[in-house]
Amino acid sequence: MRMNVPEPIVLAKNVNLYVMPCSIFKTTSINVFIPTELDDDYTYHALIPNVLARGTVSYPDRKAIKRHLQDLYGATVAADVRKYGNKQVMSFGVGVIDDQYIQSEDSLLEQAARFLRQLIFEPTTENGLFRQDYVVQEAYNLKQQILSIINDKAEYSAMRLNREMNPGKVFTKCVFGDADELDNIDENRLFRVYKSIIANNPVDIFVAGDVDVARVTEIIKNNLVFGDRGSLPEYIPEPVYPTEVKYRQEKMDVKQGKLNIGYRTNMTAQHEDYCKLLMFNEVFGGGLNSKLFMNVREKASLCYTVYSAVDKFNGQLFVYTGIETANYQKAYDIIKEQLQAIIDGDISDFEMEAAVKEYRTRLKAVNDSMAQMVNFCYSNILAGVRISTEEQEQKIRSVTKADIVDIAGRIAEDTVFFLTNN
Amino acid sequence: MFEIKEFPLLKETIYETTLSNGLRLIVIPKKGFTKQFAMYATDYGSNNIRFVPVGQTETVEVPLGIAHFLEHKMFDNPNGENVFEQFAKYGASPNAFTGNGMTAYYFVSTDDFYENLHILINYVNSPYFTHESVEKEKGIIGQEITMYDDMEGWVIQKNLLQALYHNHPVRNDIAGDIESISKITHEMLYLCYNNFYNPANMVLVTVGDIDPDEVLEHAEKYVAEDKRALAVGKVVKPVIDEPSEIVKPYVEAYMDVARPIVMYGCKDNNVGYTGCNLLRRRHAVDIALELFAGSESDFYNDMYRAQVVDQSFEYGYTGETEYAYAYFSVETEKKDEFLAKLKEYIAKTKKDGFLEESFHRVKKSFLGDLIRVFNNVNSIAIHSTYRAFNGTTLFDYYDVLNSITLEDVTAAFASLFDEEHSAVSVILPTVKEA
């Protein structure tokens with residue numbers, strides 16, 4: 001089975017529905033994405049989904065919501081924010097068992113769409129605003145969530161590298177908002193921001209499962225009514241050409257050090273050489289047979305975790321490792337040697353073949369997961385590209401060793417961040 | 001010949017048989033899926049540090065973390081070619097994991113399934129351990145252990161288990177510790193391998209758009225290439241003498257975390273279940289915990305409103321034949337209030353029981369969770385492997401779930417918690433010098 005990029009069904013101006021019929025799944029999912037800018041309201045954006053998830057007019061508290069979801073055979077619901085490039089995206093999703101597997105009088109799919117409508121459009125209110133106790137509790141919890149990022153040393157050190165590399169840049173803002181601002185949430189503003197986003201921001205709706213396009217379209221049209229609206233400006237990051245490498249470190253009470261390196265590729269998903277960059281990354285540190293895995297881990301025994309990843313929105317590439325702090329220089333030198341080796345053309349036939357095949361397998365496997373299918377499609381839409389997994393696979397196959405050498409020569413080390421101990 | 005189990009409601013079928021060498025084979029066809037998944041696993045995990053080798057009478061003891069160490073070293077091959085390289089030729093991604101009771105090797109492929117299956121069976125059947133390769137691995141595993149030492153969720157659980165268990169190896173990290181792995185030798189790896197990696201102790205599970213007869217034919221061919229000279233017989237796993245009492249009621253540690261984290265755990269001495277009875281016990285407790293602490297419960301909602309708990313709140317139950325425990329954990333500034341209220345609500349629930357309608361709703365949602373498993377090739381294989389070692393199948397869950405009554409759940413809850421067998425594990429933020 002192959003997934004093509006579904007043609008959008010235009011429900012209103014800048015309100016698009018994408019239906020992905022796939023008979024292999026026993027559940028159906030509906031996802032609504034509403035992108036916003038990481039602007040002065042970003043803390044408010046992050047708070048809104050959490051407050052909405054506390055109660056609707058019909059199901060005014062979490063207990064009522066949960067009971068309803070259990071009645072729908074344990075429907076899954078998520079309301080949160082995610083970051084794609086410079087956009088903060090509100091995401092509302094519901095997943096239900098496909099109607100053919102349960103005996104229910106009322107279609108679960110229709111009930112799922114109805115619940116999503118209630119979640120997004122019909123919050124429980126008092127005096128024309130969100131319930132105050134919900135706002136206060138959710139603001140407090142969101143603040144705790146932000147402060148707790150420090151608990152996960154891998155996530156924290158990745159965030160620190162990105163910020164040191166891009167001081168003041170909007171896209172490095174925390175997707176959950178600003179911790180201090182959450183102490184003083186203006187309830188009027190919160191409701192105003194909510195109303196404005198629901199009315200004015202673009203909306204993309206994805207339905208995946210064993211569904212009929214016409215029927216799904218009807219169900220969505222009847223429940224998720226978004227009017228005409230404008231679009232957000234496309235994100236085109238400015239290229240950055242570092243003149244010298246920045247070295248930063250932080251000391252914490254940790255047993256393992258995290259050595260992370262950020263590089264400039266200045267190639268986003270729209271770049272003509274993007275697929276070449278992906279293959280460079282596989283050879284460098286993306287795969288199990290990559291130079292970083294083989295040399296830093298398997299040969300030098302310096303770490304358990306070592307890999308590299310491409311940031312397709314901002315034109316960056318990162319290397320992440322967990323090492324004994326005393327091995328900083330050794331690990332750093334070996335990582336640099338691996339990049340240099342590729343620049344020097346040292347890529348074996350095996351490395352090349354492994355890179356292409358491993359990546360193809362991961363790409364094809366996207367079709368076996370609804371969440372991955374939706375994310376592949378939606379993140380590409382935000383990145384300004386329209387490509388199916390199959391088309392991408394074709395492009396990957398045509399990448400040559402010379403292409404990878406060329407890419408390696410165009411990548412510039414920018415910042416090294418080291419999380420170490422006292 | 002396959003034994004065929006059908007589940008018409010879900011339109012799923014499980015094919016099961018035993019190969020001529022004694023290896024159990026389970027095939028679950030998933031028409032239309034792109035991925036194939038094969039898992040070759042042994043009924044041997046981090047808990048099996050004491051055993052009576054096949055054909056012997058004396059119990060031997062090996063260092064903590066050896067099952068996990070062995071898993072890492074299976075990826076070396078006698079011909080010097082790395083296992084990753086072999087799979088890479090067919091684009092498959094291999095991986096492995098070690099649990100308390102099992103070790104599993106698997107791959108995900110989208111093409112050339114049988115070539116990949118051949119590699120999987122062949123490499124797990126071809127141990128190759130040397131002094132040099134064992135010493136070299138100590139650096140890598142050392143960093144894996146250190147990584148976990150910095151993960152607060154991992155540390156708090158380990159500390160809890162050390163407070164609950166005197167002797168059972170579940171009290172230790174799966175990977176062992178830096179000191180224990182330093183003692184591991186290649187001879188020890190062979191000893192463990194030879195006793196636990198024989199066909200009678202293993203299972204092969206394959207899931208994907210594949211034909212059971214073809215899988216059988218290929219698997220028979222591949223296991224016939226087995227050149228190992230394994231002792232015939234079954235390794236004996238001695239019963240572990242674990243008293244019902246806990247070790248200590250409180251344990252704390254300091255880490256660089258944002259706020260205190262508290263975990264309350266209760267040692268469940270109602271153990272010894274196997275097969276469907278174990279499944280039944282486990283799910284009766286799961287339903288009880290969902291009713292008591294799930295997002296529709298009074299406890300969760302009252303504590304959430306009082307800002308004692310938030311989205312970091314977790315609870316769960318581990319129920320195995322030899323050991324079982326339940327836990328609740330949360331990141332909170334109000335840990336004392338959390339513990340006091342938890343005990344108060346437990347006592348109240350023991351007295352009042354659960355509502356019939358809530359019980360039926362939770363059962364309904366658990367059924368949904370079961371159906372959801374069949375969406376994912378990886379989860380089907382992992383669940384099936386685990387179930388195979390427990391003498392059940394993925395389908396048994398349905399009947400077991402249907403048979404659980406409100407009385408079972410109430411009884412399970414009542415028997416689970418008592419002050420004497422509970423302990424508290426706390427992580428406190430490191431005190432920063434001014």
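How many Å separate the centres of domain 1 of chain A and domain 2 of chain A, taken over C-alpha atoms? The views below start from that question, and please keep in mind that this is a predicted model.

**View 1. The two domains of chain A, as the domain assignment gives them.** Domain 1 covers 9-223, and domain 2 covers 246-420. Taken over C-alpha atoms, their centres are separated by 30 Å.

**View 2. Where domain 1 of chain A meets domain 2 of chain A.** Here 23 residues from domain 1 of chain A are in contact with 24 residues from domain 2 of chain A. On the domain 1 side, strand 2 (15-21), strand 3 (27-37), helix 5 (153-165) and strand 8 (203-209) each give two or more residues. If you want one element to look for, pick helix 5 of chain A, which gives the most to this side, with 8 residues. By class, the domain 1 side holds 13 nonpolar, 5 polar and 5 charged residues.

**View 3. Chain A in contact with chain B.** Now let us turn to the second chain. The contact takes 53 residues of chain A and 54 residues of chain B. At least two residues of the chain A side come from each of helix 2 (62-71), helix 4 (132-147), strand 11 (303-311), strand 12 (316-323) and helix 11 (349-365).

**View 4. Helix 11 of chain A on the side that touches chain B.** With 9 residues, helix 11 gives the most to this side of chain A. The side as a whole divides into 19 nonpolar, 17 polar and 17 charged residues.

Key: Residues are numbered from 1 along each chain as its sequence is written. Chains are lettered from A and ligands numbered from 1 in the order in which they are written. This is a predicted model: local features need pLDDT of at least 70, side-chain atom pairs count only at pLDDT 80 or more; totals for chains, interfaces and linings use all residues. Domain bounds come from an automatic or database domain assignment. Two residues are in contact if their C-beta atoms, placed from the backbone, lie within 7 Å. Helices (H or I, at least four residues) and strands (E, at least two) are DSSP runs, numbered from the N terminus. Ala, Val, Leu, Ile, Met, Phe, Trp, Tyr, Cys and Pro count as nonpolar, Asp, Glu, Lys and Arg as charged, and the others, Gly among them, as polar.
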